[in-house]
Amino acid sequence: MNDNPVLLSVRNLTTQFFSQEGIFDAVDGVSFDIRRGEALGIAGESGCGKSVTAQSILRIVPRNGKTVDGEILLQENGKTVDLVKLNEFGKEIRDIRGRAISMVFQEPMAGFSMVYTIGNQITEVIRLHQKCSAAEARERAIEILRRVGMPKPEQTIDAYPFALSGGMRQRAMIAMALSCHPMLLIADEPTTAVDVTIQAQILSLMKALQKEMGMALMVITHDLAVISELCDRVMIMYLGKDVESAPAGELFRNPKHPYTIGLLHSVPELGEGRNQEIVPISGSVPSPYRRPSGCTFHPRCPEFMPGVCDVAYPPQVEISAGHKVRCHLYV
Ligand SMILES: Nc1ncnc2c1ncn2[C@@H]1O[C@H](COP(=O)(O)OP(=O)(O)OP(=O)(O)O)[C@@H](O)[C@H]1O
Ligand SMILES: [Mg+2]
C-alpha cells in the first residue's frame, strides 16, 4: 500500500447545478485522499458526478454550477492551499492548472485549439509555467512527445490537431498534460474515444509514465477493468455520493455496497462476477431532481430494508483499514 504523504485531500465536496427545474447536488459530500504517486480510480454509472468532481478540483465547473461546500486541500512545498477558496479566474488557480494538476479529457479535440499546431500549444503550456527560451520549450515538447510514443516527434510537433489520428491526438493531449510534470494527472475517460488496441497502449503508457515520474493519477471511467489494471484505490459513486471506497484489490475481492456488487456482476471478467452470469443492476438511475428518500440507491437495491433504507442516508462506516462504505447493512 502507498504510504506516501497525502497530495490532495477532498473533504465533503458539494457541487450544485442550478436550472429551471431547480437545484441539485451533482457531487454530494464526497471525501477522498490521493497520495503522492498513487492512482485512484473513480467509477459509477453515467451522471453520478465523476466529471463534476474533476471539474470541481480544477475549478472549471460550468457556469450554472458551483461548489458550495467542502475543501480541496492541495499540499505543495510544505504549504496547504484550499482550491475551493481560490478565485476560479484568478492567478493562483491558473498557475496550479497544468503545472501541479493537469487533465486529459475524453475527447482529445476538447483540449486543443484547431488553429495552432500541437507544438505551439504544448510549448505555450511549458512557457506559461517554466522559465525557458522558445527553443528550449520546443526541445522539451519534442522530448515529451517522444516519451508518449509519438512517431517522428520532430515532425509531428508541427502538425495541426485535426491532421492526427484519434490515438495520436490522445497521445499529444497526454504529452501536453505531462509537459510540466504535474504532481497529479486527472484522466476523465481517457480512452473511450479511441479503439481497443489504442486504448490498451494509452493505458500502459499512462501507467509507465506514472511510475517513472512518480505522478499521482485520478482515473475516471465506467470501465472497472481499466481500474483493476491501473489503480491502487477505487471510489464508487452513485448519484453524487461516494458510496464505497477501498484499495483496488480489496474492493474487487470483497465489495460491500450492494451497488458495487451489482456493478461488479455487470462485468463478467472481474471479481466474484467471474464465474457468474452478467446481471445488470435493475432499474435505472433516478432523475437528480427527484432523489429517493434515505439511501438514494434503495429503490434499486436487492437488500432494501423498508423503514430503514428509505428513511435516513447511512453514515460512512470503515469496515477495514481504508475500506469505507455507506450502507445500512453495515451500520
Ligand atoms: N452544465 C451542467 N448543467 C446542469 N447539470 C449538469 C451539468 N453538467 C453535469 N450536470 C449534471 O450533473 C450530474 C453529474 O454529471 P457528471 O458529468 O459529473 O456525470 P459523470 O459521472 O461524469 O457521467 P458520465 O459517465 O456520463 O461522464 C448529472 O446529473 C449531469 O446531468
Ligand atoms: Mg463524465
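Predicted model: local features only at pLDDT ≥ 70, side-chain atom pairs only at ≥ 80, totals over all residues.
1. Two residues count as in contact here if their C-beta atoms, placed from the backbone, lie within 7 Å.

2. Overall build. I'd start with the inventory: ten helices and twelve strands. The radius of gyration is 20 Å, close to the 20 Å that the globule rule gives for 331 residues, so the protein is as compact as a globular protein of that length. As for burial, 44% of the 331 residues are buried.3. The sheet. Eight strands make an open sheet with mixed pairing, and the order reads β6-β7-β8-β3-β9-β10-β12-β11. The edges belong to β6 (101–104) and β11 (317–320); each has a single partner strand, so one side of each is left without a neighbour in the sheet. From one strand to the next, the twist averages 20°.

3. A helix on the sheet. Helix α6 (residues 166–178) packs on the sheet, where it touches β6 and β7 (184–188). The direction of α6 makes about 175° with that of β6.

4. Neighbours of β9. What is the sense of pairing between β3 and β9? Strand β3 (residues 39–43) runs parallel to strand β9 (residues 233–238), with four bridges between them. Leucine 40 sits opposite arginine 233 of β9. On the pairing with β10 (residues 241–247), the sense is antiparallel and there are six bridges. Arginine 233 turns up here too, standing opposite proline 247 in β10. The hairpin of β9 and β10 has two residues between the strands, and leucine 239 takes a positive phi near 45° there.

5. Burial of β9. Six of the six residues of β9 are buried, so this strand is largely enclosed by the rest of the structure. In a regular strand the side chains alternate between the two faces of the sheet. For β9, both faces are covered: Arg233, Met235 and Met237 are buried on one side, and Val234, Ile236 and Tyr238 are buried on the other. Arg233 is worth a look on screen, as a buried residue of β9 that has leucine 40 and proline 247 opposite.

6. Helix α10. This helix (residues 258–265) is mostly covered, with six of its eight residues buried. Which ones are the buried residues of α10? They are Pro258, Tyr259, Thr260, Gly262, Leu263 and Leu264. These buried residues pack against β3, β9 and β10, and also against α8 (224–230) and α9 (248–253).

7. Around ligand 1. The shell holds 15 residues, of which Ala26, Ser46, Lys50, Ser51 and Val52 come nearest. Both β1 (6–19) and α1 (50–58) supply at least two residues of this shell, and the largest share, three residues, comes from α1. By type, the shell divides into six nonpolar, eight polar and one charged.

Methods
Residues numbered from 1 in each chain as written. Chains lettered and ligands numbered in written order. Pairing = 2+ DSSP bridges. Axes fitted to C-alpha atoms, helices over the stretch in contact; angles between N-to-C directions. Rg over C-alpha atoms; globule rule 2.2 N^0.38 Å. Buried ≥ 20, exposed ≤ 12 C-beta atoms within 10 Å, placed from the backbone. Near = placed C-beta within 6 Å. Nonpolar A, V, L, I, M, F, W, Y, C, P; charged D, E, K, R; others polar.
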